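Hi,

Here is the structure I promised to pass on.

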Amino acid sequence: MLLHLVAEFDLQRDVVPWLAARGWAAALDTSENSSALYVVNVERNGKIIYTWKGNQRNTHIGLYDLQTKQNEHLYMFERDLRIISCSVNNERTLLAVSFRQYTEEERVSRLLQSVSKYLTLLIEIHPINNVRVLKAVDSCVRVQFLHPVEGRSTSTESHLLLVSEDKYIEQFDIHVIAEEENKVVIQNSGQLPRARVADDLIWAQWDMMEQRLFYIVPKESRSTLKCVQFYPDENFNSILESHLDIPVNDTQMKNGWTMLQLVNFGYDYRQDEDVTSKSLNLQVFTSKAGGLCVCCSLPSDIPDEITYSIHFLHKGYNKTFTVSLERTESHQLKEVAFMNLDYYVAAYLPGQFLHLLNIQHPDLLCYSLFLTGEDARIEMLQNCSIRSPLMSTVLDCHVGSMYAVSISDSALLQFLQNSKQDSERLAALHCALLYFRHTEDLEMQIIWWISENLSTCHSFDSIQEFIIASLYCRMCPETHNLDKLLPYTSLLDWTGIIPGVTCETDIISLPVLEFQNSKGFWEKLNSNLESVKYAEPHLHYHNNVLRREWRNLSEELNLVHRIMKEVWRRYHLHSCIFCFDERGSAGEFAVFHIMSRILEAANGMCMPLPPGFHTLHLGLGVRCLPLHTLLHYIDNGVLHLTETCVRKLLKDLDNTEKNEKLKFSIVMRLPEALGQKVHQFWNHPINANFIARNYVKLLLEKLGNRQCSRPIPERVPVPIEFLPLNYLTNMLAEIENQGVHPYEKQDHVNVRFVEETALKHTMTLLGLKYS
């Protein structure tokens, strides 16, 4: 399973034994009361509120602290109530509870028409004292205390949000008086001060960690997403407004959708069980890097088909995915569950698919992991009563368990190794490198996978993608805002598809932000929006500053060296220069092939290679390739002739016919400057003849049209009878006397050397012995 879940809280494990030890769990043993224990809320400070029925059908409220792993009994009602919503303040002195007193049938049978169906109470619980009625209405109400930032001292004020099914939200300000032994009582003798936060909303979501309220109001054919930020000084401001192309107007709501959809305002498991396919399933997720996503699944008119949209508001577009389902049954079709994994948004349909979408770079599908079958199975999440109250956290409301969610590195590697499609391989490769950052062991295993699958990836260069993604994750934390301009792929026009999934991309308007001197998430979101407004696609990889930073980084953290180190270790090679009198092994041939692909990838990115790369590459080529293939690689620029390797080759190999042919072929292809350096290391008539010819050529070229001004002297004590050679040597000697020396640093190359070489060459051609 790709997603790794760790149970941070489980009702059966963490609460039931505690209840049993106090004699409160007897009523939970009967099958008809199996749902009597359930989670009703998760607070910002990691405390989970739950409720259960006692032996006398009393209704209890308890709290579990994730940090201390301790349970605490908060309050008891001496009635059998259905708790709708519950929240406790940060000091755990005040409790707000909303519950249903009677069903409509109960009110009729008991002639209680004048009694409200729902009741919302504010209770002093330290000590247990006064109870105040906040709402007594026929519409459902949810309650949520605001919680200050961590580390803040105890306050004498508490602030409570009330969300009414009548489509409004208001804030109550509660002042308390501290008494001895840390006891408090509510100070207000009359009505509690209140302020209207939002009106006419049809959907709302509470972000408990950042104390933000997202809500939607319908406007004609469109809808508007708004956000209210609550601050530590108890003030709140409307800070965001964004138009959404989601059909959630009043007409559609009256045709079957619930009048008000709430997310993270407590969890009413009975209401979750009543959710139909007509419900609006929408959640807002934020990421630490300033990403803002609206995830929505809408009902489809086509059987066996699921449609969901991700609005990447920080990028200015949305993607709508339509998935064709397999092995579907009508009673199994549930709504898509969305999960916030910070770097990814997950869309999950149990038994069908798991889709991970990259938040930072959602423009290309090569970042998106789409899993089906066993790869998509999450053992502990087989129903759709799933909520994501905190980042990288999932709450299964049906069973009352909360899990920490992360991507499993071992499962991701297994998926990478078993994948048959380029889209899966590429997404897994990027996920591994970017999600897990600098994990050397994981990086080593990816390099090994690359070395084994160079020929299987047809749509992308795996080495190139590895280098770019690795440089990206090293560079971005050091260079501010670089990730907004630099995608971590070379496939800017990649058009790979996911089988069975269609994707449509639409441009949407950017959100409007209204804030002053705001830090953290809002500052990062604003930076993302500014980059979308002014950045052009052609800026990718073409900004001089980016190119300089890219080059500097590639020369410093040296990923090619890292790849080579792992590849050589895998094939049990050592880094010494090879001997050329033996043929290469199968392992050496594999490494040579990998180095050729590394060279190709680096050339495609104009990326420098580490010192010695071309020498090792050429050495492996000499050992592994037949002569005609070796020369073909040299002529086409795949193999580079380096001084170190050529010098060793000329010195180490003897002058057998086969080696002579190899050496001569290499010598003939040397650049002039390099040839002058290495020719002297091959003591062979062919090489001497080559040096002599070059010397004569250079002398004559430097002479130009100049004429000799004086008679040519006799240069050798014993004249050679071959007159053309006499004339040539005398003319060359005159040129030398005029100060023209092509090989000034090699004094042993002169006219005398040319003369001796010519005589040796002539005698060889005539089959005579030279003495």
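Lys-519 comes out as exposed, at 61% relative accessibility (buried means under 20% relative accessible area, exposed over 50%, partly exposed in between, with a 1.4 Å probe and protein chains only). Its side chain meets that of Glu-523 in a salt bridge, 3.9 Å from N to O (the criterion is a side-chain nitrogen of Lys or Arg within 4 Å of a carboxyl oxygen of Asp or Glu). Glu-523 counts as partly exposed at 39%.

Before you go further: this is a predicted model, where local features need pLDDT of at least 70 and side-chain atom pairs count only at pLDDT 80 or more, while totals for chains, interfaces and linings use all residues. Residues are numbered from 1 along each chain as its sequence is written, and side-chain values use heavy atoms, with hydrogens and water left out.

Back to the salt bridges: the whole structure has 21 of them. Another one joins Asp-635 and Arg-669 at 2.8 Å, N to O. Asp-635 sits in helix α14 and Arg-669 in the loop between α16 and α17, so this pair ties together parts 34 residues apart in sequence (helices are DSSP runs of H or I with at least four residues, strands are E runs of at least two, numbered from the N terminus). Arg-13 and Asp-14 also pair up, at 3.0 Å; Arg-13 is partly exposed at 43%, whereas Asp-14 is buried at 14%.

There is a network too, linking Glu-443, Arg-562, Glu-566 and Arg-569. Arg-562 and Glu-566 are among the buried residues of α11, along with Trp-568 and others. Those buried residues pack against α7, α8, α12 and α13 (contact means heavy atoms within 4.5 Å). The length of α11 checks out: its 12 residues should span 16 Å at 1.5 Å a residue (1.5 Å times one less than the number of residues), and the end C-alpha atoms are 17 Å apart, which agrees.

On the strand side, an open antiparallel sheet runs β6-β7-β8-β9 (two strands pair if DSSP finds at least two bridges between them). β6 and β9 are at the edges with a single partner each, so one side of each has no neighbour in the sheet. β8 and β9 share 7 bridges, and Ile-123 has Val-131 in β9 as its bridge partner.

As for confidence, mean pLDDT (the predictor's confidence in each residue, from 0 to 100) is 80 for the chain, with 73% of residues at 70 or more. Strand β10 is highest at a mean of 95, and helix α3 lowest at 49.

Cheers
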